[in-house]
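Biologist: I have a model open and would like to learn how to read its features one by one. Could you take me through it?

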Amino acid sequence: MRIEKYLEKRLSEKGVLHFSLIDPEKARSMDVSQVARALERAGSDAILIGGSTGVMQNDVDMLIDQIREACSLPTIIFPGGVSNISSKADAILFMSLLNSSNPFYIIGAQMLGAPIVRKYGLEALPTAYLIIGYGGAAGYVGEARPIPYEKPELTAAYAMAAELLGMRYVYLEAGSGAPRPVPIEHISLVRRSTRLKIIVGGGIRGREEAFKAAAAGADIVVTGTIIEGAGAKLSVRLREIIGGLRDGYRERASGKG
Ligand code: 1GP
């Protein structure tokens, strides 16, 4: 429960958190140490590691070693499959892609992964993964039936089912690089309908999108693509996003969100 407690404590202090996603496949062309240091300096709260394609355990192990050397942020596996599980991480989002049309992504991969998670003693954060709209590679590979952007009630119904099944987190995913992030109506309706911790990601590139997600009720906002190719401007962009989150949370806490 170490990471779950860390997240709860940070949430009670800050109201909303920022996670950065590093895809091991894309990390090969990145200066990981520089990125990790920039993430910590800008005020990110944890690093998610995972990808839908081209990821072997060895890549994940090496990436985590590099991150550990450069910064002290916790590392959490965001698995695209069983090959993403690494003993070096602090925790894993133990996810079920609830709106997949293939039972493998709902419970099959989890059955294969559970003994490995146990063997490694990894902390599991039980998470419902829901693909909304665009979906990107995660939606395609996971054979999702993406929830239409204009149907927040379907997202809320899945989230309620997840809560009744005992999950504690819900990840609302528009897909990496989505042209449009998860609409705020989905976030606010899940917030009103459950007590799950709400993670939101996909297509969040700047202050405005971050502000809206936090104001609508996101507990954790994930950005991935912005670290690719941002170079020296990365810290500035991250600070804008994290500032947007803080202001969005203030708006929500003041009752206007
Ligand atoms: C993808 O939600 C994450 O799983 C991050 O998306 O790459 O669009 O920031 P972006």
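Biologist: Where is E143 found?

Modeller: E143 sits in the loop between helix 6 (136-141) and helix 7 (152-164). Helices here are DSSP runs of H or I with at least four residues, strands are E runs of at least two, and both are numbered from the N terminus. Before we go on: this is a predicted model, in which local features need pLDDT of at least 70 and side-chain atom pairs count only at pLDDT 80 or more, while totals for chains, interfaces and linings use all residues. Residues are numbered from 1 along each chain as its sequence is written, and side-chain values use heavy atoms, with hydrogens and water left out.

Biologist: What should I look at in the backbone of E143?

Modeller: Start with the general idea: most residues other than glycine have a negative phi. E143 is not a glycine, yet its phi is positive, at about 50°.

Biologist: Is E143 buried, exposed or partly exposed?

Modeller: Burial is read from relative accessible area: under 20% is buried, over 50% is exposed, and in between is partly exposed, using a 1.4 Å probe and protein chains only. E143 has 37%, so this residue is partly exposed.

Biologist: Let's turn to helix packing. What describes a pair of packed helices?

Modeller: Two packed helices are described by the angle between their axes and the distance between those axes. The axes are lines fitted to C-alpha atoms, for helices over the stretch in contact, and the angles run from 0 to 180 degrees between N-to-C directions. Take helix 3 (residues 32-42) and helix 4 (residues 57-70): they pack at about 50°, with axes 8 Å apart. That makes helix 3 oblique to helix 4. For the wording, angles under 35 degrees are roughly parallel, over 145 roughly antiparallel, 65 to 115 roughly perpendicular, and the rest oblique.

Biologist: Which residues make that contact?

Modeller: Contact means heavy atoms within 4.5 Å. Helix 3 contributes V32, S33, A36, R37 and E40, and helix 4 contributes L63, Q66, I67 and A70. By class there are five nonpolar, two polar and two charged residues in the contact of helix 3 with helix 4. Here Ala, Val, Leu, Ile, Met, Phe, Trp, Tyr, Cys and Pro count as nonpolar, Asp, Glu, Lys and Arg as charged, and the others, Gly among them, as polar.

Biologist: How do helix 8 and helix 9 compare with those direction words?

Modeller: Helix 8 (residues 184-193) and helix 9 (residues 207-216) pack at about 25°, their axes 8 Å apart. The two are therefore roughly parallel to each other. Their contact brings together I184, I187, S188 and R191 of helix 8 with K212, A213 and A216 of helix 9. It has four nonpolar, one polar and two charged residues.

Biologist: And what is the arrangement of helix 9 and helix 10?

Modeller: The axes of helix 9 and helix 10 (residues 234-253) come within 7 Å and cross at roughly 30°. This pair, too, is therefore roughly parallel. Residues in the contact include F211 and A214 of helix 9, and G244 and L245 of helix 10. The class count is eight nonpolar, three polar and five charged residues.

Biologist: How many residues does the largest nonpolar core have?

Modeller: A nonpolar core is a set of buried Ala, Val, Leu, Ile, Met, Phe, Trp, Tyr and Cys residues joined through side-chain atoms within 4.5 Å. The largest one has 60 residues, and I22, I67, V170, L172 and I187 have the most contacts inside it. Helix 3 supplies the largest share of this core, six residues. Apart from it lies another core, of 24 residues, among them I3, L93, A138 and Y169.

Biologist: What is I67 in contact with, beyond its neighbours within four places in sequence?

Modeller: I67 is in contact with I22, V32, A36, I47, I49 and T75.

Biologist: Could we finish with V60 and S20? Are these residues buried or exposed?

Modeller: V60 lies in helix 4 and is buried, with a relative accessible area of 1%. S20, in strand 1 (residues 17-22), counts as buried at 0% relative accessibility. Leaving aside neighbours within four places in sequence, S20 is in contact with L39, S44, A46, I47, L48 and T223.
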